[in-house]
Amino acid sequence: MKVTVSRKAHFNAAHRLYRKDWSMEKNDQVFGKCNNPNFHGHNYELIVSVTGQINPETGYLIDIKDLVDIIYEEVELKFDHKNLNLDVPEFQELNPTAENIVVVIWNKIRKKIPSEMDLEITLYETPRNFVTYKGE
Ligand code: NI
């Protein structure tokens, strides 16, 4: 019996989308307003979903408290109220697009989830724009 347990979380962060090796014109062309040199913010929402077998002894797949703690340590503590470009080492050389952010978060959380369980993360950059990654 496979079930999926999900937890919602959120963080606020600023970012700028650009490439250092491109001219301002080319960055504007590709990234538009997201290339604002003074950065801009988003209220990011995420859904972390873990899939696997129910433990017959506890009736749990995963203790939701453990999932809450993992999200706090790996996402909220590291990303909330941060400037992703300046404060988060993973984005020193990597554009903090929703696509790249969800992969970075997935890699951090994956290390803390038992290997026999599957992990899927959906990151909302706006209520209408969201990206999903499941490690494939
Ligand atoms: Ni943005």
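Rings, core and nickel site

Trainee: What does tryptophan 22 count as in terms of accessibility?
Mentor: Partly exposed, at 26% relative accessibility. Bear in mind that this model is predicted.

Trainee: What sits over the ring of tryptophan 22?
Mentor: The charged end of lysine 26, 4.3 Å from the ring centre. Arginine 16 likewise has its charged end over the ring of tyrosine 18, 3.8 Å from the centre.

Trainee: How many aromatic pairs are there?
Mentor: The count is 6. Phe11 and Phe79 make an edge-to-face one, with 5.5 Å between centres and 65° between planes. That pair joins strand β1 to helix α2, across 68 residues.
Mentor: Tryptophan 22 and phenylalanine 31 count as stacked, because their planes are at 20° with centres 6.0 Å apart.

Trainee: Back to Phe11. Buried or exposed?
Mentor: Buried, at 0% relative accessibility. Phe79 is also buried, at 0%.

Trainee: New topic. What coordinates the nickel ion?
Mentor: His15, His40 and His42, each through NE2, at 2.0 to 2.1 Å. Their spacing along the chain is H-x24-H-x1-H.

Trainee: How accessible is histidine 42?
Mentor: Its relative accessible area is 15%, so histidine 42 is buried. Histidine 40 is partly exposed, at 22%. Phe11 touches His42 too, and Tyr44 is among its other contacts.

Definitions and conventions: Residues are numbered from 1 along each chain as its sequence is written. This is a predicted model: local features need pLDDT of at least 70, side-chain atom pairs count only at pLDDT 80 or more; totals for chains, interfaces and linings use all residues. Side-chain values use heavy atoms; hydrogens and water are left out. Contact means heavy atoms within 4.5 Å. Donors are N, O and S atoms within 2.8 Å of the metal (3.2 Å for Na, K and Ca); water is not among the atoms, so sites may look incomplete. Buried means under 20% relative accessible area, exposed over 50%, partly exposed in between (1.4 Å probe, protein chains only). Rings of Phe, Tyr and Trp (its six-membered ring) pair if their centres lie within 6.5 Å; planes under 30 degrees apart count as stacked, over 60 as edge-to-face and the rest as tilted. Helices (H or I, at least four residues) and strands (E, at least two) are DSSP runs, numbered from the N terminus. A charge sits over a ring if NZ of Lys or CZ of Arg is within 6 Å of the ring centre and within 35 degrees of the ring normal. Lists of a residue's contacts leave out its neighbours within four places in sequence.
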